[in-house]
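Morning, everyone. Let's walk through a new structure together. Here it is on the screen.

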Amino acid sequence: MTDRNLSDLSDEELILEFQKNNTERAFEILVQRYKNPLTNFVFRYLGDYESCTDVVQETMIKVYRYKDTYQSIAKFSTWIYTIAGNLAKTELQRRKRRTILSINAFGKDNDENYEIPDENYRPDTITDSGIKDEIIQKAFLKVSEAYRKAVILRDIQELSYEEIADIMGITVGTVKSRINRGRAQLQKLLKGIHNE
Amino acid sequence: MENFDENSQQYSDIIKTLKGLQRVKAPANFEADLMRRINTGKYEKEKSLWEKFLLPSRLIPSAALGLAAVIVFFVLNINSAQLENPLLMPPRVRDDVVATKDVPVIPKDEQTSTENEKINKEANKKPVPFFKEGTKTYAEIHGTAGDSDVSNLGITFTGEDTESTLPGNTSMVSFGYPINKSGLNFRSNTMTREERAQLQMMKKKLIEMMRQLNK
């Protein structure tokens with residue numbers, strides 16, 4: 001199969017091609033298609049670009065290694081988002097375990113968080129609306145994990161409720177409820193921005 | 001569903017804000033890094049179930065728990081007087097040994113046979129002959145042929161082991177010297193002469209009673 005033919009195939013057809021004939025080019029096309037959406041999703045969920053890149057790479061490696069576990073019943077996007085979501089969750093838990101003695105305890109006031117300046121490349125700091133993005137991202141991280149995931153998948157990734165339900169392994173009703181609760185929490189946290 | 005649409009309008013500002021967020025992109029060298037990791041196999045290998053189970057963080061607490069359980073069990077067991085320690089119990093001894101004909105016969109050793117014969121003589125005073133096909137009287141088996149009272153009892157024994165619960169034709173196991181059931185019956189050996197005389201008397205009385213009843 002030529003490159004052009006492969007590019008025309010759907011995600012499901014590409015993964016089947018990779019499964020049956022071990023066509024690496026099919027996998028590369030899938031990586032090209034999903035690297036940016038997944039990076040965006042994981043970054044909003046974790047709030048750290050370096051960890052986010054690692055998680056997305058791990059996701060792709062899992063797809064490569066466990067390609068045979070994919071069943072054509074499910075959508076490929078649902079499958080890959082589920083893997084990425086699970087890995088991101090694991091990363092969050094690992095981070096929580098590491099920071100038993102939190103750096104926040106050394107802040108000026110108990111209520112305010114003291115952030116160590118990070119000089120690394122951050123996509124949200126190189127744009128004009130960088131400050132606003134940073135505030136929103138910080139607010140996002142304060143929203144509870146389950147609600148945050150649902151809101152990101154719906155309002156940022158623009159996935160359907162059914163897809164989100166499949167990814168999170170919950171009913172559509174629960175998805176809607178979580179999205180609303182997440183939005184409510186965000187609205188509370190971002191009151192100042194909207195008033196401006 | 002209506003409630004949900006209302007909520008969507010209620011949160012329209014936040015939805016707009018989130019949709020307007022800057023899209024984060026993967027780094028330029030993402031694919032190259034990924035393929036390098038795949039090809040070199042440097043990515044973290046999945047641990048098997050056994051490897052996960054044998055992690056020190058899981059193995060040590062479970063081993064400690066198991067050890068504690070064993071110690072507690074033994075401590076409680078030693079204190080209980082009702083239960084007998086199986087390690088200190090004497091082994092069970094079988095009364096008789098009966099086996100099928102398929103059991104290989106141990107060849108006679110002259111020395112052992114003479115020694116065993118001596119032991120047998122001491123135990124029974126007279127060597128006990130093997131059962132043979134046909135019938136034998138009680139007196140012939142027990143060497144009381146001279147005793148007219150006993151020899152006239154009319155009790156006979158067949159060559160087959162009629163008491164055996166094993167199916168098929170059975171025989172005695174040869175250990176180089178003649179052994180039969182009566183020879184292994186240690187109770188009879190422990191009877192005193194007086195007891196034997198009493199037994200004989202009782203038998204006689206019984207036979208007389210039977211004869212009288214028949215008449």
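First, a term we need: a helix axis here is a line fitted to the C-alpha atoms over the stretch in contact, and angles between N-to-C directions run from 0 to 180 degrees. Keep in mind that this is a predicted model.

Now, look at H4(A) and helix H5 of chain A, residues 76-98. Their axes come within 9 Å and cross at roughly 135°. The crossing is right-handed.

Which residues of H4(A) and H5(A) meet? From H4(A), the list includes Ser51(A), Val55(A), Glu58(A) and Lys62(A). From H5(A), Ile80(A), Leu87(A) and Glu91(A) are among them. By class, this contact has eight nonpolar, two polar and three charged residues.

Next, the two chains. 27 residues of chain A are in contact with 23 residues of chain B. Which elements of chain A give two or more residues to that side? They are helices H3 (24-46), H4 (49-65), H6 (130-142), H7 (145-156) and H9 (172-189). That side of chain A holds eleven nonpolar, ten polar and six charged residues.

Last stop: helix H2 of chain A, residues 11-21. Buried here are Leu14(A), Ile15(A), Glu17(A) and Phe18(A). Why are they on the same side of H2(A)? Because they cover an arc of only 155° around the axis. In general, an α-helix has 3.6 residues a turn, so residues three or four places apart point the same way. Just after H2(A) comes Asn22(A), with a positive phi of about 55°.

Conventions
Residues are numbered from 1 along each chain as its sequence is written. Chains are lettered from A and ligands numbered from 1 in the order in which they are written. This is a predicted model: local features need pLDDT of at least 70, side-chain atom pairs count only at pLDDT 80 or more; totals for chains, interfaces and linings use all residues. Two residues are in contact if their C-beta atoms, placed from the backbone, lie within 7 Å. Helices (H or I, at least four residues) and strands (E, at least two) are DSSP runs, numbered from the N terminus. Ala, Val, Leu, Ile, Met, Phe, Trp, Tyr, Cys and Pro count as nonpolar, Asp, Glu, Lys and Arg as charged, and the others, Gly among them, as polar. A crossing is left-handed if the near helix is turned anticlockwise from the far one by less than a right angle, and right-handed if clockwise. A residue is buried if 20 or more other C-beta atoms lie within 10 Å of its own, exposed if 12 or fewer, and partly exposed in between; C-beta atoms are placed from the backbone. The arc is that of the directions from the helix axis to the C-beta atoms.
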